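Thanks for making time this morning. Please look at the screen, and I'll talk you through it.

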Amino acid sequence: MDRIEVITSVERRRKHSLAEKERLAMAAAAPGANVVEIARAAGVDPSLVYRWRRALSAAPLISSELDTRDAPTFVPLTIAPPAPAPASESAPSMITIEFAGGARMKIEGAPDAKILASVIGALSKAER
């Protein structure tokens with residue numbers, strides 16, 4: 001250990017310098033870093049290290065070490081309405097329904113399902 005801190009007063013809160021906060025936050029942000037071990041070695045609670053790391057990442061860059069990070073970039077975004085579906089180039093579909101009484105119904109295209117069901121129901125009842 002490089003330093004030993006002796007607290008002789010009743011005061012429970014310690015003041016940490018910005019440089020110390022930056023040093024611990026940068027150490028915690030390193031790939032593979034263990035925040036609990038870093039905090040234990042510095043004699044602080046791990047929640048402080050997380051708080052400092054979050055606060056320093058949201059604050060404007062101060063330290064020369066923080067200046068080397070890639071700053072996020074924002075790209076303008078425009079939301080356009082969805083493009084219409086391409087028209088089908090296949091031949092139109094046709095359905096022929098032959099009822100028991102001999103009646104026939106020819107349907108071309110894509111009819112509405114509710115209307116088709118009501119027409120078939122009406123024709124089925126009329127044959128009985």
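This is a predicted model: local features need pLDDT of at least 70, side-chain atom pairs count only at pLDDT 80 or more; totals for chains, interfaces and linings use all residues.

Every value I give is computed from it.

So, the overall layout. The protein chain has five helices and two strands. In what order do the elements run from the N terminus? The order is α-α-α-α-β-β-α. The chain has 128 residues, and buried ones make up 15% of them. The accessible surface comes to about 11000 Å². Carbon and sulfur atoms account for 58% of that surface. Now contacts in the chain. Take those with a separation of 6 or more: 38% of them join residues 24 or more positions apart.

Next, helix α1. It has 12 residues. From first C-alpha to last, α1 reaches 16 Å, close to the 16 Å expected at 1.5 Å a residue. Which residues of α1 are buried? They are E20, E22, L24, A25 and A28.

Keep E20 in view. Its relative accessible area is 10%, which is under the 20% cut-off, so E20 counts as buried. E20 also has a charged partner. R3 forms a salt bridge with it, and the closest N and O atoms are 3.5 Å apart. What does that pair tie together? R3 sits in the segment before α1 and E20 sits in helix α1, so the bridge links parts that are 17 residues apart in sequence. R3 itself is partly exposed, at 48% relative accessibility. How many salt bridges does the count give? The count comes to one.

Stay with the segment before α1, because H16 lies there too. Is H16 buried or exposed? H16 counts as buried, at 16% relative accessibility. Which residues does it touch, leaving aside those up to four places away in sequence? H16 touches K21, V44 and W52. V44 is 28 residues from H16 along the chain. Their C-alpha atoms are separated by 9.9 Å.

On to α2. The buried residues here are V35, I38, A39 and A42. Seen down the axis of α2, they fall within an arc of 95°, so they line one face of the helix. What do they pack against? The buried residues of α2 pack against α1 and α3. The face away from the buried side carries R40 and A41, and both are exposed.

Now α3, residues 46-58. The buried residues of α3 are V49, W52 and L56. Why do they sit on the same side of α3? Because they cover an arc of only 65° around the axis. W52 is also one of the residues that H16 touches. What covers the buried residues of α3? The cover includes α1 (18-29) and α2 (35-42). On the other side of α3, R54 and A58 are exposed.

S47 is partly exposed, with a relative accessible area of 38%. S47 and V35 are 12 residues apart in sequence. In space they are 9.0 Å apart, C-alpha to C-alpha. V35 is one of the buried residues of α2.

The other is S57, also placed in helix α3. S57 counts as partly exposed, at 44% relative accessibility. How far is S57 from M26? They are 31 residues apart along the chain, and their C-alpha atoms are separated by 9.8 Å.

Last stop: the surface, over at helix α5, residues 113-127. I115 lies in this helix. I115 is exposed, with a relative accessible area of 54%. Which residues form a nonpolar patch with I115? V119 and L123 do. Together the three have about 230 Å² of accessible area.

To recap. The buried residues of α2 pack against α1 and α3. R3 and E20 form a salt bridge. I115, V119 and L123 form a nonpolar patch on the surface. That's it from me.

Conventions: Residues are numbered from 1 along each chain as its sequence is written. Side-chain values use heavy atoms; hydrogens and water are left out. Patches are made of residues with over 30% relative accessible area and no salt bridge: like charges are joined within 9 Å, nonpolar side chains (Val, Leu, Ile, Met, Phe, Trp, Tyr) within 5 Å. Accessible areas come from the Shrake-Rupley method with a 1.4 Å probe; for residues, only the protein chains shown count as cover. A salt bridge is a side-chain nitrogen of Lys or Arg within 4 Å of a carboxyl oxygen of Asp or Glu. Helices (H or I, at least four residues) and strands (E, at least two) are DSSP runs, numbered from the N terminus. Buried means under 20% relative accessible area, exposed over 50%, partly exposed in between (1.4 Å probe, protein chains only). The expected span of a helix is 1.5 Å times one less than its number of residues. The arc is that of the directions from the helix axis to the C-beta atoms. Contact means heavy atoms within 4.5 Å.
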